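Hi there,

Here is the structure I promised to pass on. Have a look at it first, and then read my notes below.

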Amino acid sequence: MSRTLVRNIFVVVIVAAAIVPSRALAQTSLSPVAPRREVVEAVVREAYDKFRGDTGGKNADYIPYLAQVDSKLFGIAIVTTDNQVLTLGDVNYSFSIQSISKVFTLALAMEELGPDKVFQQIGSEPTGRAFNSVPAVVDMPTHTGNPLVNAGAIATTSLISGKDADEKWNKILAFYGKVAGEQLKLIDDVYKSEAATNTGNKALAMLLAKYDRIYSEPFDSVDIYTKQCSVGVNASQLARMGATLANNGVNPATGEQVIKREDVPYILATMTMAGLYDSSGGWAWHVGLPAKSGVGGGIVAIAPGKGAIAVFAPPLDEAGNSVKAQKVIEYVAQKLNYNLYSPSSVGLK
Ligand code: GLN
């Protein structure tokens, strides 16, 4: 072997040795206080058994498709920041992401415009009103309220750049896919069902136009928003989307930085303010985790630095949040010491 070849091999080995462990470290950034897998498994099983028979709540019916979904479907998925996956129940059923999409369009808008511009053009104040409230648009000084109520979400969608509606929509869908770590698809029947009945959202968009708080053609923006709400996810995919937020914007399965690290705290703060609409205050009180619900029956909650839990169960309470999903997440979060406001969540005895 020539001396140059030997030297080159040596250099490659040294460089590889330097890169591999640091990549591995960056991607297995599991918090030192994350609970052990056996403990998580046992707690998830307990929650599943305890709440499986719960009959509280009722499927959303203002979107006709959602009223037809089997109300007994029930799935739980946890994905950790080091990509451990734990699932139980109906975790392969693809349901519509609905309002949970708002979180990821917010992330994309921040990617494009930066957080200051998004804060200025949308805001982050809780409305204390229903997610589709018209009075909130009139009364809130910003009119848009925040990116997680319908008005603010439609305005956030209107911020996404593109030469036409199709380009914007394809960009949104591709972005969700990167956050989930696999391509996602529109559930066409959900889209058609909502598009045929979404007069309330069109009214919100026109009202925003009156206040100059929507940034593209209002009805196009509602249409793209309706599509983003009709994207299908299963509980595992949703948990992975949440885990990407828990992991500083790096998808734990693909290792790709898909959301800017510096944007994550803004997103999680917004979820704390408004993720469960007008019951976000009660949720923060009882659970203490940023979360987002959708009227399709999904909720995802984020334990920053540890992972995310997604639960799917269609029947909703009055505010539009899945009854079983809230109970499961509250139970699991409490048992695993996830509450962000508790100093013991970071290991303090
Ligand atoms: N697409 C639904 C709507 O606009 C989303 C609402 C929700 O999930 N809360 O009404």
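**What is in the ligand site**

A polar side-chain atom of Tyr225 sits 2.7 Å from an oxygen atom of the ligand, which is a polar contact (a pair of N or O atoms within 3.5 Å; within protein, one must be able to donate a hydrogen and the other to accept it, and residues adjacent in sequence count only if both atoms are side-chain atoms). On its own the ligand exposes 290 Å², and the protein buries 99% of that (accessible areas come from the Shrake-Rupley method with a 1.4 Å probe; for residues, only the protein chains shown count as cover).

Before going on, please note that this is a predicted model, where local features need pLDDT of at least 70 and side-chain atom pairs count only at pLDDT 80 or more, while totals for chains, interfaces and linings use all residues. Residues are numbered from 1 along each chain as its sequence is written, and side-chain values use heavy atoms, with hydrogens and water left out.

Gln98 places a polar side-chain atom 2.7 Å from a nitrogen atom of the ligand, and an N or O atom in the side chain of Tyr277 is 2.6 Å from a ligand nitrogen. The residues around the ligand (one of their heavy atoms lies within 4 Å of it) include Tyr62, Phe131, Glu194, Cys229 and Gly294.

Ile97 belongs to the loop between strand E3 (95-96) and helix H4 (101-113); helices (H or I, at least four residues) and strands (E, at least two) are DSSP runs, numbered from the N terminus. Is Ile97 buried or exposed? Ile97 is buried, with a relative accessible area of 0% (buried means under 20% relative accessible area, exposed over 50%, partly exposed in between, with a 1.4 Å probe and protein chains only). Setting aside neighbours within four places in sequence, Ile97 is in contact (heavy atoms within 4.5 Å) with residues including Cys229 and Gly294, and both of those are also among the residues around the ligand.

**The protein as a whole**

The protein has 15 helices and eight strands. Of its 349 residues, 53% count as buried. The C-alpha trace spans about 75 × 50 × 40 Å along its principal axes. The protein exposes about 15,300 Å², and carbon and sulfur atoms supply 56% of that area.

Happy exploring!
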